[in-house]
Amino acid sequence: MRKIEVELGVVTRANGSALVKFGDTVALAAVYGPAELHPAHLREYQTGILRCRYSLAPFSVEERKVPGFDRRSVELSKVIRVAIEPAIFLEEFPKAVVDVFVEILQADGSTRVTAINATNLALISAGIPMRDFVVACSVGKIDNCLVVDLNGIEDNFSQADINFAFMPNRNKITLFQGDGQLTKNEIKELISLAKKSCEKIYEVEKGVLSGKYSRQIS
Amino acid sequence: MEARKIVLPGEVVCERKGRKLGRGVYEVEEKILTKFLGVLKESEDEVDVIPLAGVYLPKIGDKVIGIIKGVEVSGWSVDINSPYTAFLPIGEGVEEYVDVGRVDLSRFYDVGDVIFCRVSNVTKSKMVQVSMKYLYTKKLLGGTIVKIFPSKVPRLIGKGGSMIDIIKKKTGTQIIPGENGLVWIKGENVSKVIEVISLIERESHIIGLTEKIGKMLGE
């Protein structure tokens, strides 16, 4: 696994924010809300809603990316939302909205799982009620060998890659998305491998969160 | 200095053992789990987690500071520093009979006015109503408003008002804390009070903070 670095409270104007680095992949997430939702016709009267916006910065990849929303970012915004949603007590704030903005500052594979980790930490530091952490990592198969945390090149030449998000305390999977060719046994093995790596990431994130707030105390 | 324990979402705090579930916790299979990044408060009959951040969600009975946002046909809409706008009906805002057809409601409260009011009703779909019909409710004239995290307001007030009494006495200012995180300050030493309030907000989890503040203001 690549080196993980986490920084909290990088966007001071936001209710909560986090910067997560998985090697050369850097994701910045900022959370605003819960706030009043406009336009009013989007409001849900039984529950609050979560809106995610994933965007790849023009300078984040080798060849300049056209800035703005495209088909890929629409898909990834949804992927992040469905991976995070099961963990939030959205029913506690009906008619309101929680806005999440994720910006990939540097892309070197596994951007969506890095984004999920950053979003999770930003939500927690914004004081949003959560059932559990959502920890994500990518797993895959290269040269018939099962691997964890794929970088850009590995991602491009892999036989299979799977994005995996997981609630460690509740032992529930919130995202399992991927492509490639795998046998049933390989999938089973990859799930247990992903769970193990998620536990490691969880320990790092936990350490950063409690470390930051304990430092505030002393 | 001793500090309280910090917990993270999803963490199993303890077994329930018939205790009451307080704020910021939920139950799964007889175990109590936390919802927030916060400070744990555990006693024999209740388990509470006080969040370190978050917005204000109104509850009936809260004493809040509101800012009039709009004058409407039958009352006023009030910004209470929350995702939900509150409504102050004429009947709850004014003692006398008001003929809506003849009287301009901005005579009583106009846009931008600051009020100290009580949350009198919150429906399931979060329609919030506030009232001015209590002894302590009033219109606040002049002064400065400071915003802090709503979860830190009880700390600012202190046990039985001990903390806020010290600040009021030592600085000679008027302070009204709203449970929604808005604090109204009026007097000569406003900047000193703001300094103290931000210190309390930053170090709210320290045990023995009241004495520290007392010493700081005593100098």
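In this predicted model, helix 3 (residues 162-171) of chain B and helix 5 (residues 209-218) of chain B have axes that come within 10 Å and cross at roughly 0°. Angles under 35 degrees count as roughly parallel, and helix 3 of chain B and helix 5 of chain B are therefore described as roughly parallel to each other. On the side of helix 3 of chain B, the contact is made by Ser162(B), Met163(B), Ile166(B), Ile167(B), Lys170(B) and Thr171(B), which meet Thr210(B), Ile213(B), Gly214(B), Leu217(B) and Gly218(B) in helix 5 of chain B. By residue type, this contact between helix 3 and helix 5 of chain B divides into 5 nonpolar, 5 polar and 1 charged.

Chain B also contains a set of paired strands in which strand 16 (residues 182-186) takes part in two pairings. With strand 14 (residues 144-147) of chain B, strand 16 of chain B pairs in the antiparallel sense over 4 bridges, and within strand 16 of chain B it is Val183(B) that stands opposite Val146(B). Strand 15 (residues 174-177) of chain B is likewise joined to strand 16 of chain B by 4 bridges, the two running antiparallel, with Ile176(B) standing opposite Trp184(B) of strand 16. Strand 15 and strand 16 of chain B form a hairpin with 4 residues between them, and in its turn Gly181(B) has a positive phi of about 95°.

Turning to chain A, one finds 5 strands that form an open sheet in the order 1-2-3-5-4, with mixed pairing. The edges of this sheet are strand 1 (4-8) and strand 4 (49-56) of chain A, each of which pairs on one side only, and the twist from one strand to the next averages 15°. Within the sheet, strand 2 (residues 16-22) of chain A and strand 3 (residues 25-36) of chain A run antiparallel and are joined by 7 bridges; Ser17(A), for instance, has Ala30(A) in strand 3 of chain A as its bridge partner. Helix 1 (residues 71-84) of chain A lies across strand 4 and strand 5 (96-106) of chain A, and runs at about 140° to strand 4 of chain A.

Further along chain A, which strand is largely enclosed by the rest of the structure? The answer is strand 8 (residues 160-167) of chain A, because 7 of its 8 residues are buried. Strand 6 (residues 135-142) of chain A is joined to strand 8 of chain A by 7 bridges, and the two run antiparallel; here the bridge partner of Val139(A) in strand 8 of chain A is Ile162(A). Strand 8 of chain A also pairs in the antiparallel sense with strand 9 (residues 172-180) of chain A, over 8 bridges, and Phe164(A) stands opposite Phe176(A) in strand 9 of chain A. Strand 8 and strand 9 of chain A form a hairpin with 4 residues between them, where Asn171(A) in the turn has a positive phi of about 55°.

Finally, the two chains meet through 30 residues of chain A that are in contact with 24 residues of chain B. On the side of chain A that touches chain B, the elements that give two or more residues are strand 3, helix 2 (111-125) and helix 4 (184-217) of chain A, and helix 4 of chain A gives the most, with 7 residues. The residues on this side of chain A divide into 16 nonpolar, 8 polar and 6 charged.

Methods
Residues numbered from 1 in each chain as written. Chains lettered and ligands numbered in written order. Predicted model: local features only at pLDDT ≥ 70, side-chain atom pairs only at ≥ 80, totals over all residues. Pairing = 2+ DSSP bridges. Axes fitted to C-alpha atoms, helices over the stretch in contact; angles between N-to-C directions. Contact = placed C-beta atoms within 7 Å. Parallel < 35°, antiparallel > 145°, perpendicular 65-115°, else oblique. Nonpolar A, V, L, I, M, F, W, Y, C, P; charged D, E, K, R; others polar. Buried ≥ 20, exposed ≤ 12 C-beta atoms within 10 Å, placed from the backbone.
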